[in-house]
Amino acid sequence: MSRLWPASHPTDEQLAELARTLAPYGDARTPDAVDASVREHVHACTACTTRLHALQRTAAAIATGTIAPAPSAGRRDAMLAARARGDRVILPTAADDATERVRTSSPWVRTAFGVAAAAAVLVASFVWRTPNEVIAGTTAGDLTLSTMYPRAGDTVHLTYRASPMLDRAPALRVRARLRSVHAESYEGGASSVVTLARLHRESDGRWHGRIVLPDSIVFAALAVEDTGGTDIDDHDGRTWELLRADGAGRVMFEALEQRIHDLMGRNWEVAHATSRQLADSFPDDIRTLSWERSFAIWSGLPADSIAARYDARARTFEQRHAAGRTRDPTTIGYLYWTSDRRSPRGRALREQLLRDAPTNSFAIQERLFEALDVLTQSRDTARALSTLDTLYAQAPADRRVQVADQALGLAVAYGDTASIRRWTTRTFGASADEERRAAGVFVQHPALRAEGLDRLRRVLRALERPDALPRRLSERADAFARRQALERRRAFAALGRGLAQSGAAAAALDTLTRAADGWDVSIMRAVASTAKTVGDTALEARMLARLALDPAASPAVRDSLRTRLRARPDAEQLQQDAERAFVDAILAEARPRMIARSAPLRALDGAVTDLRDLARNTVTVLVTVSRYCGPAVEVLPAVRSMAAALAAEGIRTHVLFEETTVSDSLRAFVTEHTLTIPTYVDPEQAGTRTLNSWGTPGFHILDGNGALVFDATSDPEVATRRALAVRRAARGAVSPRSAP
Amino acid sequence: MASAALDLIGAARRGDVTALGALYDVHAARLLRIAFRVLGTADDAEDVVHDVFVGLPEALRHYDERGRFDAWLAQITVRTALMRRRRDQRRRTDVQLDAIGASAPEPSADVRIEMLDVHRALAELPETLRDVYLLHQVEGFSHLEIGELLHISPGASRVRLTRALDALRRLLCAHSDDSSTGS
């Protein structure tokens with residue numbers, strides 16, 4: 001008989017639980033309940049004490065008698081090296097507590113919502129969807145990819161642990177923004193969004209699927225959504241990514257480059273980090289220098305290490321390719337582009353580029369500039385357009401858009417019908433919004449106006465179809481529907497303007513009325529102007545009242561418009577209608593989420609406050625910024641102006657730096673940028689997680705009742721409108737039309 | 001949690017390699033033991049720990065500082081190890097006895113025999129029972145947590161633990177008898 005296992009009383013499970021709870025080596029952080037009577041019994045019973053000791057010794061024998069306590073030599077360095085070269089592993093992380101709370105609908109959450117619902121009384125809450133399901137910061141699930149770096153033909157297996165937002169969906173799918181080597185920056189360009197996989201729930205409760213990237217695709221950003229596109233998990237804006245690897249398993253240059261393109265407009269810092277990774281992975285490839293140069297310029301910090309690093313690498317390439325020695329067109333192009341173009345070396349490289357590689361992308365750009373320079377001297381537009389035709393034919397794909405854009409401007413100014421038609425076709429694509437823009441050009445030209453009006457009517461018919469526009473990766477169905485409606489209004493505005501120019505006043509008015517909903521400043525201006533042309537002073541006044549109310553209007557414009565409107569007998573009614581239209585239109589974009597978790601923020605003076613307290617009882621704009629993000633630094637003056645304007649309306653503005661500590665350098669930065677707005681850091685990064693903030697700048701609107709009202713925007717103008725709309729709705733100054 | 005530790009975690013979350021290295025220094029050995037217990041081979045366990053730290057900065061975005069960091073890391077390590085085992089379909093049928101106590105203070109002969117007995121018995125347990133036993137008795141996870149890790153109900157975890165204890169008892173009795181009658 002073993003010394004370890006004498007027979008006796010309470011159950012093995014009870015004793016095992018007691019042993020686990022007492023174990024010094026285990027985590028035992030959430031002990032299952034151990035009945036006090038079991039403890040007492042064991043304490044009093046020799047046999048059970050022996051059994052307990054046996055259990056403890058067995059577990060201890062396993063816990064202590066195991067492999068060497070330290071990993072093999074070199075493993076640590078190998079891990080760090082893997083990180084440095086860009087290796088990433090998506091780990092099966094546990095669900096956070098808040099997620100679990102939502103799923104189980106615990107009394108805690110119900111209470112939180114109950115309190116919030118009671119507090120967010122009457123006015124504001126019925127305007128937007130009741131925040132009954134989503135808690136800020138808990139919208140992301142976990143998508144595990146069998147590899148992030150598939151080679152051509154590789155199958156990528158997907159396992160998705162759904163967020164509470166999507167877990168109840170009957171079916172899920174994975175959509176992807178696909179990028180080939182020629183795709184351009186930002187979400188549009190030559191990228192396309194397609195459904196790549198359907199996910200199926202299996203017995204483990206997870207969703208599974210698999211995908212194979214088309215061979216031409218070098219980068220894909222993935223998001224999971226329900227089949228209606230009602231809710232989308234895009235990893236809080238990060239998306240999940242696939243980067244094409246070559247046959248040896250090494251991430252391709254083009255994949256990393258397309259990642260940078262894809263991150264533009266989403267996260268400048270990660271894009272910059274990727275450019276560095278690109279340079280580190282392909283140190284001898286001169287194309288990497290162009291990205292580093294761009295980030296060095298965009299950073300706006302000449303003394304920064306970004307610029308220093310760029311300068312050092314540029315010198316290396318300069319030494320390697322002394323002017324005139326290289327014959328490779330790509331190398332000549334990049335050497336010229338990254339040189340000081342006014343220097344003797346820059347001029348020599350330009351000469352070589354135009355002589356030896358005249359159809360290189362940079363050479364085409366130089367020849368384009370040259371043609372435009374010649375035009376300013378000669379005023380011979382026909383000759384310039386002819387030159388641009390030649391350039392367009394010779395230009396590589398990445399440069400054609402630039403040539404066409406310049407040529408279309410010239411053609412319109414020149415008024416040549418054939419040129420306008422040709423360059424419009426070359427400039428715009430086939431989607432409904434591109435077609436609308438092309439038709440808008442035609443409408444402005446008398447000889448093409450009839451054709452333009454017909455094209456606009458076709459666009460309007462096309463926009464009735466749900467697939468007339470491509471839906472973006474992170475665009476929910478409701479946002480997509482709003483964008484389609486906006487596109488229709490733009491088409492109606494262009495059509496109305498064209499009809500008015502054709503003398504069809506009645507038709508123009510009928511059309512313009514359909515463009516007048518919503519809140520788009522350019523459309524409102526167009527409608528006001530056309531309404532005046534056709535003599536509809538009521539519609540013109542309606543639009544002017546809205547333009548006077550828009551916060552983007554300058555004080556001078558606002559005063560002028562108000563003075564004109566004040567003379568009208570219905571001035572007060574116009575003002576009220578404009579207020580109502582403003583609140584209705586802006587709050588239609590609301591997607592409120594409760595801030596249910598604590599998020600401590602530290603002020604520069606060291607005081608700690610909670611994110612929820614920061615916005616208590618007052619509509620607040622919280623701006624997330626990073627000192628290391630070019631666009632965020634650039635927007636700071638606008639933040640200051642916005643804060644001053646909103647303060648007059650009783651709206652507070654706070655700035656949250658994506659840093660964990662208050663450092664002297666941060667204080668110096670704040671002083672240098674004359675930020676007198678209350679400023680915080682995020683010591684536990686709970687703030688940015690709660691805000692689903694990824695990429696800066698981000699403007700977040702909090703309604704004073706514990707709700708984050710909209711998805712973040714990076715545009716201070718949009719943020720200003722949103723904050724004012726929430727404030728006006730909450731103040732009860734306006735009764736939205738959607739009120740019961 | 002101490003602010004220094006939080007700073008370290010925060011820095012690692014931002015991809016700071018120095019902070020990541022510091023976290024590795026503190027936690028890697030323990031995670032290696034955990035991974036080894038699940039996988040049974042040192043090489044696989046080291047690979048898992050490697051993966052855990054390579055993926056840690058991104059994974060930390062999901063970490064809520066209210067919980068214990070080392071416990072959270074242990075959970076991720078177990079999950080990663082289980083995934084690897086499922087993927088590789090390499091079921092172990094024996095334990096690397098050579099590795100037992102390799103760098104621990106030399107135990108007494110009795111204790112070493114006891115440890116070998118325990119490891120042999122453990123190796124003979126079906127994987128489903130061994131997992132629950134290790135996670136509960138050695139790593140200290142609750143049945144609720146084990147349920148989530150292994151995709152079974154907490155009740156099933158309890159049942160498996162009882163069966164594991166029963167099987168271990170029988171196996172250890174048999175080993176003990178072998179020892180006393182044989183060599």
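Over all chains, the structure holds 50 salt bridges. The model is a predicted one. Aromatic rings also pair in it, with 11 such pairs over all chains, and its largest nonpolar core has 132 residues.

**Salt bridges**

- A:R350 and A:E370 meet through their side chains in a salt bridge, with N and O 3.4 Å apart. A:R350 belongs to helix α13 (residues 344–356) of chain A and A:E370 to helix α14 (residues 361–378) of chain A, so this pair ties together parts that are 20 residues apart in sequence.
- A:R350 has a relative accessible area of 25% and is therefore partly exposed. A:E370, at 39% relative accessibility, is likewise counted as partly exposed.
- A second salt bridge joins the side chains of A:R591 and A:D711, at 2.9 Å from N to O. This pair links distant parts of the chain, 120 residues apart. A:R591 is in the loop between α25 (571–587) and β9 (593–594) of chain A, and A:D711 is in the loop between β16 (707–708) and α31 (716–731) of chain A.
- The relative accessibility of A:R591 is 12%, so this residue counts as buried, the cut-off being under 20%. A:D711, by contrast, is partly exposed, with a relative accessible area of 28%.
- In the salt bridge between A:R616 and A:D613, the closest N and O atoms are 2.4 Å apart. A:R616 counts as partly exposed at 45% relative accessibility, and A:D613 counts as partly exposed at 39%.
- Salt bridges with shared partners join A:R476, A:D478, A:R591, A:R593 and A:D711 into one network.

**Aromatic rings**

- One of the aromatic pairs consists of A:W268 and A:F295. The ring centres are 5.3 Å apart and the planes stand at 70°, so the pair is edge-to-face; that class requires planes over 60 degrees apart.
- This pair links distant parts of the chain, since A:W268 lies in helix α9 (residues 268–281) of chain A and A:F295 in helix α10 (residues 287–299) of chain A, 27 residues apart.
- Both A:W268 and A:F295 are buried. Together with A:W291, they form one aromatic cluster.

**Charges over rings**

- A:R426 has its charged end over the ring of A:W423, at 4.4 Å from the ring's centre.
- A:R341 lies over the face of A:Y336, 5.9 Å from the ring centre.

- In soluble globular proteins, nonpolar side chains tend to be buried together.
- Within the largest nonpolar core, of 132 residues, those with the most contacts are A:L158, A:Y160, A:L222, A:V224, A:V621 and A:F657. Helix α20 (residues 477–502) of chain A supplies the largest share of this core, namely nine residues.
- Leaving aside residues up to four places away in sequence, the residues that A:L222 touches include A:L143, A:L145, A:V174, A:L196, A:I211 and A:L242. A:R175, A:T239 and A:W240 are also among the residues touched by A:L222.
- A second, separate core has 73 residues. Among them are A:A63 and A:L80 from chain A, and B:A59 and B:L122 from chain B.

Terms used:
Residues numbered from 1 in each chain as written. Chains lettered and ligands numbered in written order. Predicted model: local features only at pLDDT ≥ 70, side-chain atom pairs only at ≥ 80, totals over all residues. Heavy atoms only, no water. Phe/Tyr/Trp six-rings, centres within 6.5 Å; stacked < 30°, edge-to-face > 60°. Helix = DSSP H or I, 4+ residues; strand = E, 2+ residues; numbered from the N terminus. Buried < 20%, exposed > 50% of the residue type's maximum accessible area, 1.4 Å probe, protein only. Lys NZ or Arg CZ within 6 Å of the ring centre and 35° of its normal. Salt bridge = Lys/Arg side-chain N within 4 Å of Asp/Glu carboxyl O. Core = buried A, V, L, I, M, F, W, Y, C linked by side-chain atoms within 4.5 Å. Contact = heavy atoms within 4.5 Å.
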